[in-house]
Amino acid sequence: MIRTFALILSLGLVGCGSPSSDLDSINEVAILAATCSGCHAPDDAQAIVSLDGYSVDALRQSLLLYQTDEGNSAMHRIARGYSADEIEQIATYLGDTGEGL
């Protein structure tokens, strides 16, 4: 819930022209991670599993596997569109660090 609010807030800041490079960086990562929320609802309301509770490492490894596997699902195609750095940023943004959300 907090990350959803942070995502909405940061997406709203994109158009504000903030000079802060930290905010710009957060906004870019939030936009990348927003792609995931289209299918992965935070409350398991959809047939596709929620990403809540997954560790940073689990998300990173899953995305890298989808990226390198020969499959042709939507996840395979989406993951292939990200660089290694973007995958790391998405995993870090969405992953559970064990410190609470």
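User: Does Ser62 count as buried, exposed or partly exposed?

Analyst: Some ground rules come before the answer. This is a predicted model, in which local features need pLDDT of at least 70 and side-chain atom pairs count only at pLDDT 80 or more, while totals for chains, interfaces and linings use all residues. Residues are numbered from 1 along each chain as its sequence is written, and side-chain values use heavy atoms, with hydrogens and water left out. Buried means under 20% relative accessible area, exposed means over 50%, and partly exposed lies in between (1.4 Å probe, protein chains only). Ser62 has 35% relative accessibility, so this residue counts as partly exposed. Ser62 sits in helix 3, and its C-alpha atom is 9.3 Å from that of Ala79, 17 residues apart along the chain.

User: How many helices and strands does the protein have?

Analyst: Here helices (H or I, at least four residues) and strands (E, at least two) are DSSP runs, numbered from the N terminus. The protein has five helices and zero strands, so the order of elements from the N terminus is α-α-α-α-α. Buried residues account for 25% of its 101 residues. The protein exposes about 6,400 Å², with 61% of that supplied by carbon and sulfur atoms; these areas come from the Shrake-Rupley method with a 1.4 Å probe, and for residues only the protein chains shown count as cover.

User: What span should helix 3 have, and what is the distance between its end C-alpha atoms?

Analyst: The expected span of a helix is 1.5 Å times one less than its number of residues. Helix 3 (residues 56–68) has 13 residues and should span 18 Å; its end C-alpha atoms are 18 Å apart, which agrees.

User: Which residues of helix 3 are buried?

Analyst: They are Val56, Leu59, Arg60 and Leu63. Viewed down the axis of helix 3, these buried residues fall within an arc of 100 degrees, so they line one face of the helix. The arc is that of the directions from the helix axis to the C-beta atoms. On the face turned away from the buried side, helix 3 carries the exposed residues Leu65 and Thr68.

User: What do the buried residues of helix 3 pack against?

Analyst: They pack against helix 4 (74–80) and helix 5. Contact means heavy atoms within 4.5 Å. Not counting residues up to four places away in sequence, Leu59 touches Leu51, Tyr54, Ala91, Leu94 and Gly95. Of the contacts in the protein with a separation of 6 or more, 52% join residues 24 or more positions apart.

User: Where is Ala91, and is it buried or exposed?

Analyst: Ala91 belongs to helix 5 (residues 84–94). Ala91 is buried, with a relative accessible area of 0%. With residues up to four places away in sequence left out, Ala91 touches Val56, Leu59 and Arg60. The buried residues Ile87, Ile90, Ala91 and Tyr93 are in helix 5. They cover an arc of only 165 degrees around the axis, which puts them on the same side of helix 5.

User: Which residues make up the largest nonpolar core?

Analyst: In soluble globular proteins, nonpolar side chains tend to be buried together. A nonpolar core is a set of buried Ala, Val, Leu, Ile, Met, Phe, Trp, Tyr and Cys residues joined through side-chain atoms within 4.5 Å. The largest one has 11 residues in all: Leu32, Cys36, Leu51, Val56, Leu59, Leu63, Ala79, Tyr82, Ile87, Ile90 and Ala91. Helix 2 (21–37), helix 3 and helix 5 each supply at least two residues of this core.

User: Which residues does Arg80 touch?

Analyst: Not counting residues up to four places away in sequence, Arg80 touches Tyr66, Gln67, Asp69, Glu70 and Gly71. Arg80 is found in helix 4 and counts as partly exposed at 37% relative accessibility.
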